[in-house]
Amino acid sequence: MPVEPDQFRRIFGALSSSVAVITAAAADGPKGFTCTAVTAVSKTPPLLLVCADGGSHTLPAILDSKGFAVNFLAAGRGALADRFASSDALKFTGTAWTPSAHAFGAPVLGPEDTVAVAECRLRSADRVGDHWILVGSIEHGGDVPDSAPLTYYRRTYDSPSAHRLVTTP
């Protein structure tokens with residue numbers, strides 16, 4: 001018997017995750033959602049994996065446009081992560097962004113909000129359970145400043161320095 005949803009959340013809540021806003025261009029305007037399920041797949045060729053809820057309003061834009069941007073958020077941007085986790089139709093209001101020339105116009109958030117951005121071309125999309133596994137070919141990456149990322153741990157946002165490993169001799 002599989003674990004219950006609450007146990008599933010507890011298991012993965014015990015792990016610190018990076019926080020990203022996944023964006024895509026759509027005919028009716030930019031789309032985006034907050035995601036902690038992002039991981040590297042391959043260095044050669046450069047591929048990453050994103051998991052998107054099957055009910056996401058951004059998913060059709062990704063599937064239609066064949067591109068998306070992964071905007072890894074900077075420490076202190078928890079309010080921005082919350083906004084993109086909501087169903088608010090005005091998520092992009094007041095948020096600086098530019099359309100990607102490498103990911104079919106997907107919004108690239110401003111450098112004040114991100115520590116890294118991966119502009120991707122959709123390589124594959126597979127429905128698995130209640131989510132879609134999206135594999136993107138990283139077409140462009142931009143500058144990566146030496147600053148701390150936003151992380152999610154036990155249902156709260158923080159930065160990696162909050163969880164220092166302590167070893168004993």
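**Reading the sheet and the pockets**

Guide: In this predicted model, strand 2 (residues 20–24) pairs with strand 6 (residues 67–73) in the antiparallel sense, over four bridges.

Visitor: Which residue of strand 6 is the bridge partner of Ile 22?

Guide: Val 70 is the bridge partner of Ile 22.

Visitor: How many strands form the open sheet, and in what order?

Guide: Seven strands form the sheet. Their order is 3-2-6-9-10-5-4, with antiparallel pairing.

Visitor: Which strands stand at the edges?

Guide: Strand 3 and strand 4 (38–42) do. Each has a single partner strand, so one side of each is left without a neighbour in the sheet. On average, neighbouring strands are turned by 35° against each other, direction ignored.

Visitor: Where does helix 3 lie?

Guide: Helix 3 lies across strand 2, strand 3 and strand 6. It runs at about 120° to strand 3.

Visitor: Now the pockets. What shows where empty space is left?

Guide: Rolling a probe the size of a water molecule over the atoms shows it. Here, the largest pocket holds about 1500 Å³ of space.

Visitor: Which residues lie nearest the centre of the largest pocket?

Guide: Thr 34, Cys 35, Thr 36, Asp 53 and His 131, out of 38 lining residues. Elements giving two or more residues to this lining include strand 3 (31–35) and helix 3 (78–85). The lining divides into 16 nonpolar, twelve polar and ten charged residues.

Visitor: What volume has the second largest pocket?

Guide: About 240 Å³. Its lining has 15 residues, with Val 108, Leu 109, Pro 111, Thr 114 and Val 117 closest to the centre. Strand 9 gives the most to this lining, with five residues.

How values were computed
Residues are numbered from 1 along each chain as its sequence is written. This is a predicted model: local features need pLDDT of at least 70, side-chain atom pairs count only at pLDDT 80 or more; totals for chains, interfaces and linings use all residues. Side-chain values use heavy atoms; hydrogens and water are left out. On a 1 Å grid over the protein atoms alone, a cavity is a set of points where a 1.4 Å probe fits but cannot get out, and a pocket is an open set with protein on both sides within 12 Å along at least five of seven lines; lining residues have an atom within 4 Å of a point. Grid points are joined across faces, edges and corners, and a volume is the space filled by probe spheres set on the points. Ala, Val, Leu, Ile, Met, Phe, Trp, Tyr, Cys and Pro count as nonpolar, Asp, Glu, Lys and Arg as charged, and the others, Gly among them, as polar. Two strands pair if DSSP finds at least two bridges between them. Axes are lines fitted to C-alpha atoms, for helices over the stretch in contact, and angles run from 0 to 180 degrees between N-to-C directions. Contact means heavy atoms within 4.5 Å.
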